[in-house]
Each structure stands twice: as C-alpha cells, then as structure tokens.
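Visitor: I would like to learn how to read a strand and its surroundings from a model. Please take me through a case.

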Amino acid sequence: MTAYVRMMQTLRTADERFDDLPDFPYAPRYCELPDGEGGTLRVAWVQDGPDRADPVLMLHGEPSWSYLYRKMIPVLAGAGHRVICPDLVGFGRSDKPTRREDHTYARHVEWMRALAFDVLDLRNVTLVGQDWGGLIGLRLAAEHPERFARLVVANTGLPNGEQPMAEIWWRFREAIQTAPKLDIGWFVQGGCRRQMSDAVRAGYDAPFPGDDYCAGPRAMPGLVPTSPDDPAAAANKTAWTKLCVSPTPMLVAFSDSDPITGPMAEIFKREMRGAQGVEHPVVRGAGHFLQEDAGEELADYIVKFLRR
C-alpha cells in the first residue's frame, strides 16, 4: 500500500512585480528552507550595512513585507549596523503557500528561526519586531536567548489567549478573511495616519498579483491566540514568562495612535525586566504601521538605544 504524502503547493511572485519600487533599491537574497512537509520554500530577505557588524533583524507583520522598513534601513545602516529584513513566508518575495491551513504560528516561528540561525547564523542580534514581527520575533528571543543582545518592540504583543482583543482587531480579522478580493495597499493605508502615494501603495500590492497569492495575509489573523486552548497559547505564555525575567535590554517604541496594540506599551514597560531603566519613546502622529508613518524617527530611537 502506497502512503499518500501531501505536498505543500506554493506560488512565487514574478520578479518584474518588484521593479522600480520607490525608495527600495535593495537586491533580494534567497535561501531554501524546509517547508515542514518534505519540500522546500524559497525565503527572501534584503540586507544593508557592514557585513561584520552586529545584526539588526527587523521583522514585519501582517499584511506588509520588508518594503515597510525602507525608511529605516538607510538610517541604521548609515550608523554602522548590519540590517537584515526578511519577508515572512507568504509575503514579499518569499514563496506563498496557497492554502490557509499551511500557515501555522509554529511554522512561521520555525521558518524565521531557520533563516536567522541555520542559514545566516546570526548572533548578538538586535530584534526589531512590529505586529507579527513581534509575535514571531519574541518567541525566538525567548526560546534562543543566547542569540539576542537587545530587543525592540514596536506596536506588537505576545498574546496567549487570556487577554481580550480590541474590537477593531476583530473587525480587521473579519474583513481580511472574508473580503472577496484583498487590496493589500488599502489595508496598510488603513493602519497609517499619513497618506501614502499611489506608487507606495502599489509597492505594498506588488507581492500579491492575485487572490490566490493571498493565503498568508488571509490566514495570519486566525493564528493569533484568542483563547487559552489555542495551539500557540501555551508556547506564548511560556515565552512571556521567560522574557519577563530576561536581562536582555528592551526598548518599547510604540506610536501614539495604534488602537490595536497601543495598550501593550505600558505592559511591556511594567512587566519586562529588560525594559527597566530604559528611556522609552512615544512616536507621535503615527498609526499601527509606524515604520511607514515615521520610519526615520523610529530608526533614530533605535540607533540611540544601540549606543547605550
């Protein structure tokens, strides 16, 4: 009797979709990672700054990609840091599994772990995590503390299903899961205070030429633990407990206008040992995607934090 092995089906966005992106001249780099089902996925990242410098690993969230960090990369690289911005699986130039069930919280953590440590062998890392970039990155920091020197949390959290989610988040989840067609640029604009140009909106749309490419953006809200019996709840609770007592310095750099994660800023400042004695900025006039609204300002705060 022959055993049936289900292969993960993926799509890859054509390179020409990424031609002439505003203010994003960085050439992509690629690696192949195990997909968890016997196949491989091509995962992309961009990099700038001195190769021998300690790395700043900047992880994006939902439904954006590394393009979100285009205002910050030159500031940090110019200050002498090695900046690495991956595209999560299902986003940007990375391969896109076509079924929502192919996306799990545990897989996204493992895919970024494999890139950061197995492929790039990053050490003395400064994590910058926003939105899902924090949900994934903070798990890595808790589970591999020897790899991290500093943590920067920006409009993010680490939910374990015991905290109520904001009503606006539930509306976002419903909208992105059920919309007949996803307009990614429109969703990113909805999380910003400042108006984006048509060209920038097109940059956010670039990875997703059709709805069959959008399983990742549609799946991610459903992976956020909203009850204690969620598959990721226990791992997140354990990670939070470890981070609370970790001496790794933490910068809490939230915006002043994020109705989704805003309340988490004070919780991080209060609960995290590494956040004590650190001057934490508030990024004014910025929404959920503070990298888009005020990327240079956020990058300046991070540069100062790295000089401590």
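Visitor: Is strand S8 largely enclosed or open, and how many of its residues are buried?

Guide: In this predicted model, 6 of the 7 residues of S8, which spans residues 148–154, are buried, so the strand is largely enclosed by the rest of the structure.

Visitor: How should I think about side chains along a strand?

Guide: In a regular strand they alternate between the two faces of the sheet.

Visitor: Which strands pair with S8, and in what sense?

Guide: Strand S7, residues 125–130, runs parallel to S8 and is joined to it by 6 bridges. Within that pairing, Val125 stands opposite Phe148. Strand S9, residues 250–252, also pairs with S8 in the parallel sense, over 3 bridges. Here Val152 has Leu251 as its bridge partner.

Visitor: What unit do S7 and S8 make with helix H3?

Guide: With H3, residues 132–143, between them in the unit's order, S7 and S8 make a β-α-β unit, and the unit is right-handed.

Visitor: Where does His280 lie, and is it buried or exposed?

Guide: His280 sits in the loop between helix H9 (264–271) and strand S11 (282–283). A residue counts as buried under 20% relative accessible area; His280 has 18%, so it is buried.

Visitor: Which backbone atoms does the side chain of His280 reach?

Guide: The His280 side chain reaches the backbone nitrogen of Val252 at 2.9 Å and the backbone oxygen of Ala275 at 2.8 Å. Leaving aside residues up to four places away in sequence, His280 touches Met250, Leu251, Val252, Lys269 and Ala275.

Conventions: Residues numbered from 1 in each chain as written. Predicted model: local features only at pLDDT ≥ 70, side-chain atom pairs only at ≥ 80, totals over all residues. Heavy atoms only, no water. Buried < 20%, exposed > 50% of the residue type's maximum accessible area, 1.4 Å probe, protein only. Helix = DSSP H or I, 4+ residues; strand = E, 2+ residues; numbered from the N terminus. Pairing = 2+ DSSP bridges. Right-handed = clockwise from strand over helix to strand, strands pointing away. Polar contact = N/O pair within 3.5 Å; in protein donor to acceptor, adjacent residues only side chain to side chain. Contact = heavy atoms within 4.5 Å.
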